[in-house]
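Please keep the viewer open as you read.

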Amino acid sequence: MEAIQASLLGLLDFAIYFGVSILLLLTFKFVYTLITPHDEWKLVKEEQNTAAALGFMGAVIGFSLALASAASNSESLIDFVVWGLVALVAQTIAFAIVRFIFMPKIVQRINDNEVSAGIVLAGTSIAVGLLNAACMTY
């Protein structure tokens, strides 16, 4: 019984970090959809646009990878939130890199449901998320 009680000592911290993680994830979703010129939710929900779904979920996964690293390596809740915001900025920069350097017509290609464009965006977002996560192991 004592082993179970000892294991549950961190439950409150888990709940706080998990709750903040969900808030950061929702914030990312909101900010990301604001900075992209196409409406991911409309494209996915109303038009069943696979390219938009791939690109957006790649961004979410990339952000989540970095956020997980921030949670694992943070020294406090404030530290976690700060590095979560750094991850958010990094993911928005990833979109800008694809849009303005790699694939200037990415927005139109996503709107046209070109799956290859969604894959490039998703892959870049996940790669940036992995790098971001690795760099947070301070």
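Which residues form one aromatic cluster? The members are Phe 28, Tyr 32, Trp 41, Phe 56, Phe 63 and Phe 95.

Before going further, a word on the ground rules. This is a predicted model, in which local features need pLDDT of at least 70 and side-chain atom pairs count only at pLDDT 80 or more, while totals for chains, interfaces and linings use all residues. Residues are numbered from 1 along each chain as its sequence is written, and side-chain values use heavy atoms, with hydrogens and water left out.

**Aromatic rings**

The structure holds seven aromatic pairs; rings of Phe, Tyr and Trp (its six-membered ring) pair if their centres lie within 6.5 Å. One of them joins Phe 28 and Phe 63, with 4.5 Å centre to centre and 5° between the planes, and it is stacked (planes under 30 degrees apart count as stacked, over 60 as edge-to-face and the rest as tilted). Phe 28 lies in helix H2 (residues 11-35) and Phe 63 in helix H4 (residues 50-73), so the pair ties together parts that are 35 residues apart in sequence. Helices here are DSSP runs (H or I, at least four residues), numbered from the N terminus. Both Phe 28 and Phe 63 are buried, meaning under 20% relative accessible area, with exposed over 50% and partly exposed in between (1.4 Å probe, protein chains only).

**Helix packing**

How do H5 and H7 meet, and at what angle do their axes cross? The axes of helix H5 (residues 77-102) and helix H7 (residues 115-135) come within 9 Å and cross at roughly 140°, with axes fitted to C-alpha atoms over the stretch in contact and angles running from 0 to 180 degrees between N-to-C directions. That makes H5 oblique to H7 (under 35 degrees is roughly parallel, over 145 roughly antiparallel, 65 to 115 roughly perpendicular, and the rest oblique). On the H5 side, the contact (heavy atoms within 4.5 Å) includes Phe 95, which is also one of the aromatic cluster. Among the H7 residues in the contact are Leu 121 and Val 128.

Most residues other than glycine have a negative phi. Two residues to look at here are listed below.

Terms used: Helix = DSSP H or I, 4+ residues; strand = E, 2+ residues; numbered from the N terminus.
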